[in-house]
Amino acid sequence: IEEGLGEECAEMELGVAKTIMLAGGIVALPVLAFVTSLLFWPGALLKAYDWYWRRRLGLVVRYSSSGSYRFCYSSRGTPGDAMPSLLLLHGFSATKDMWLPVVRYLPRHCHLVCVDMPGHEGTSRTSVDDYSIQGQVGCIHQFVQSIGLDKRPFHLVGTSMGGNVAGVYAAHYPAHLSSVTLICPAGLVYPTESEFISHLREMEKSQKEESIPLIPTTPQEMKNMLKHYCHSPPNLPRPVMRGLLDIRIPNSGFYREGQSM
């Protein structure tokens, strides 16, 4: 009897050990995948992170067309009578996903649209004329019409370059808007220039195209850009900096073309 009990206990211990090893393997696999992605494909990991937050916030990526021009945007909700729709325009070299930290604080019942600006992310790249402020205003007007946002007044929000576009759009199409919000809009003359604007002017005078502040090519340049561009610069780990660069560097040629406008 004792021998039989001993064998049963040994088999149970072996079964428990196998279960622990299996569970450990299941837990270790995603951790290993995460670490590997962080080391070798940080850009892909950041895109996956944005995808996760869009899903969590209820945003759906969609496409609309105006002739041969394609717009990429994310949206949530449907137009209603109680609250105007909300259209958000991002800044230079950013994408529609820059609004994710803001969207999390907006009411779920609000119909909102975040569009990739002309030439950015999933929106078409065409002629350089489309990247001027007037050109972008025309493109955004096409986008508004393509998704039927012009059927009732909507609220327009823009930041930086998008703020410049939003302000000019409001001047051209005031009947389309219920209100407009400009966040640090480009194009305005301020009583006192910020450190960032002063730095840009110095770069223009020296004509050092290889080190445009908004078009970083190294982790240090990315850190400097965030320092000048953000009110409270995030302290990002080096792999995240590399991921941001992996996403941005393939678009550097386009950014330089747009910066010249």
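**Salt bridges**

I searched the whole structure for salt bridges and got 2; the cut-off is a side-chain nitrogen of Lys or Arg within 4 Å of a carboxyl oxygen of Asp or Glu. Before going on, I note that this is a predicted model, where local features need pLDDT of at least 70, side-chain atom pairs count only at pLDDT 80 or more, and totals for chains, interfaces and linings use all residues. Residues are numbered from 1 along each chain as its sequence is written, and side-chain values use heavy atoms, with hydrogens and water left out.

I looked at R54 and D97, whose side chains meet in a salt bridge at 2.8 Å, N to O. R54 sits in helix α2 (residues 42–57) and D97 in the loop between β3 (86–89) and α3 (100–103), so this pair ties together parts that are 43 residues apart in sequence. For element names I use DSSP runs numbered from the N terminus: helices are H or I with at least four residues, strands are E with at least two. R54 and D97 are both buried, meaning under 20% relative accessible area; exposed is over 50%, and partly exposed is in between (1.4 Å probe, protein chains only).

D116 is buried at 0% relative accessible area, and K96 counts as buried at 5%.

**Cysteines**

How many disulfides does a search of the whole structure find? I got 0, with a disulfide taken as a pair of cysteine sulfur atoms within 2.5 Å. C110 is in none, and the nearest cysteine sulfur, that of C114, is 10.0 Å away. From the C114 side, the closest cysteine sulfur is the one in C110, too far for a bond. I also checked burial: C110 is buried at 5% relative accessible area, and C114 is buried at 1%.

**Positive phi**

Most residues other than glycine have a negative phi. I noted S93, not a glycine, with a positive phi of about 70°. S93 is in the loop between β3 and α3 and counts as buried at 7% relative accessibility. E121 isn't a glycine either, yet has a positive phi of about 50°. E121 is in the loop between β4 and α4 and counts as partly exposed, at 45% relative accessibility.

**N251**

I found N251 in the loop between α8 and α9 (252–259). Its side chain makes a polar contact with the side chain of R125 at 2.6 Å; that term covers N or O atoms within 3.5 Å, where within protein one must be able to donate a hydrogen and the other to accept it, and residues adjacent in sequence count only if both atoms are side-chain atoms. N251 is buried, with a relative accessible area of 19%.

**Second largest pocket**

Which residues line the second largest pocket? My list is P219, Q220, K223, L226, K227, P233, P234, N235, L236, R238 and M241. A pocket here is an open set of points on a 1 Å grid over the protein atoms alone, where a 1.4 Å probe fits, with protein on both sides within 12 Å along at least five of seven lines; lining residues have an atom within 4 Å of a point. The elements giving two or more residues to this lining are α7 (219–229) and α8 (238–248). The largest share, 5 residues, comes from α7.
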